[in-house]
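Please prepare a short briefing on the structure shown below.

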Amino acid sequence: MVEAAGRGKRWDDTLADWFWLGRPAADSVGERARRRVWVHLVPILFGLYILAYVDRSNVAVAQLGMRLPASEQGLGFDEQIIGFGSGLFFWLYWVLEIPSSISVHRRGAKWVFFRILVLWGGCAMLMGFLGMPLLQTLLGWLPHLPEPPVLSELDARSWATSLAWHWNRLGTNPESQFYFMRLALGFFEGGFFPTVVMYLSIWFKAEHRAKAMASFMAAMPLSNALGVPFSQWISDHIHWGGLAGWRWIFILEGVAPMLAGIGVLFCLPDRPQTAPWLPDNERQWLLAELDDEHRSRSASERGQWRKHVGLVALLTIVYFCQNVFIYGVVFFMPSIVKSLVGTSSTLSTWITALVFFMAFLGMQFNGWHSDRKHERFWHVAVPMIGVGVGFLVASSFYQTPYVA
């Protein structure tokens, strides 16, 4: 690591001082090590999470073009197709979570990140070619499934019949391709979040890991605040090769994680032992601290999980309900704003971005205030109650006609 003229302060020390502005300077090996690890790792993971959220939610902007008729370079999709396809992302999201977490220790974190980023980026990019010859070539060779004869409307609605119908038309039907690519995107991206959790456990003790995770998850609202207007800008201004702008949203925002996947091979060390930017004394302190925590937890937590099954079940239900709300808003906010306000697609995306930016600021303030007051329950309950009340109030205006 280079120091100014071999004598000045290291650049990562300077950056850490800037991040922790207003707090005491790091005057111990442990504090310097924690801040250095945070500066080198958390911003990268934060950026990757922004890419993840952009690629799963950019359909919110792209759908404005996908719903146009084919004569206007759209696909003729309706809200039902968009909503069902958007939700399919989560059907296979869970499959690679545990295998990816295990692979962090077996193969090294950077190679796991590389695999996840390149594959999800490829799926996101291919969505820009829905209904085009490229996807016909890539998917048209798949063997056909037997389609049972449809004897009634009930048969036509059965999942087996629908699955076979869409599978057999992957080479030609844009709707079937949309469903397939959303499933594939969720399948490949699903391992990202647990991989980050496992990766941070290699670098931070439990109490510091929670703060690192909070900083990392702040990318959720910020990704929409930045990604929504950026996606709209792409749709409005980029029409290379005669392709519609909504296609370039998927293509360009799919290429980004593929390039990031190559970058992590050079930016993210697998563990403290291989981090070139950690001085020896800080490396030794960090390894000793993590080893200490591992031994103490192994000795004290055997069987302790049984005492927390009820709490875990409750938090699972809360998280499920929260995600139902969040993604319902994320996938349809631009079109909701456009239908209610009667404004242009561009202005509706900027209004949407402002909403998510306010969410980002609120998230930061709530976390800071919770730490300051050492209180958790009401800092979770009050925002969730407020969101529920706000949604009920907003729904009452759904049928209100727009007046110019």
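Q177 is buried, its relative accessible area being 0%, where buried means under 20% relative accessible area, exposed over 50% and partly exposed in between, for a 1.4 Å probe and protein chains only. The model is a predicted one, in which local features need pLDDT of at least 70 and side-chain atom pairs count only at pLDDT 80 or more, while totals for chains, interfaces and linings use all residues. Residues are numbered from 1 along each chain as its sequence is written, and side-chain values use heavy atoms, with hydrogens and water left out.

- When neighbours within four places in sequence are left aside, Q177 is in contact (heavy atoms within 4.5 Å) with F129, L130, G131, L135, Q136, L139, L170, G171 and T172.
- Q232, which belongs to helix α13 (residues 219-237), counts as buried at 4% relative accessibility.
- With neighbours within four places in sequence again set aside, the contacts of Q232 are V61, L64, S345, T346 and T349.
- Q284, in helix α15 (residues 280-300), counts as exposed at 56% relative accessibility.
- Between Q284 and G30 the C-alpha to C-alpha distance is 9.9 Å, although the two are 254 residues apart in sequence.

**Packing of α2 with α6**

- Two packed helices are described by the angle between their axes and by the distance between those axes.
- Helix α2 (residues 29-57) packs with helix α6 (residues 109-126) at an angle of about 30°, the axes being 11 Å apart; axes are lines fitted to C-alpha atoms, for helices over the stretch in contact, and angles run from 0 to 180 degrees between N-to-C directions.
- α2 and α6 are therefore roughly parallel to each other, given that angles under 35 degrees count as roughly parallel, over 145 as roughly antiparallel, 65 to 115 as roughly perpendicular and the rest as oblique.
- From α2 the contact is made by L45, L48, L51, A52 and D55, and from α6 by F113, L117, W120 and A124.
- The residues of this contact of α2 with α6 divide into eight nonpolar, no polar and one charged, where Ala, Val, Leu, Ile, Met, Phe, Trp, Tyr, Cys and Pro count as nonpolar, Asp, Glu, Lys and Arg as charged, and the others, Gly among them, as polar.

**Aromatic pairs**

- A search of the whole structure finds 31 aromatic pairs, in which rings of Phe, Tyr and Trp (its six-membered ring) have centres within 6.5 Å, with planes under 30 degrees apart counted as stacked, over 60 as edge-to-face and the rest as tilted.
- Among them, F84 and Y179 form an edge-to-face pair, at 5.1 Å centre to centre and with 90° between the planes.
- Because F84 lies in helix α4 (residues 79-88) and Y179 in helix α10, this pair ties together parts that are 95 residues apart in sequence.
- F84 is partly exposed, with a relative accessible area of 40%, whereas Y179 is buried, with a relative accessible area of 9%.
- F89 and F90 also form an edge-to-face pair, at 4.8 Å centre to centre and with 85° between the planes; F89 is buried at a relative accessible area of 0%, while F90 counts as partly exposed at 27% relative accessibility.

**The chain as a whole**

- The chain holds 18 helices and zero strands.
- Of its 404 residues, 41% count as buried.
- Among contacts in the chain with a separation of 6 or more, 73% are accounted for by residues 24 or more positions apart.

Notes
Helix = DSSP H or I, 4+ residues; strand = E, 2+ residues; numbered from the N terminus.
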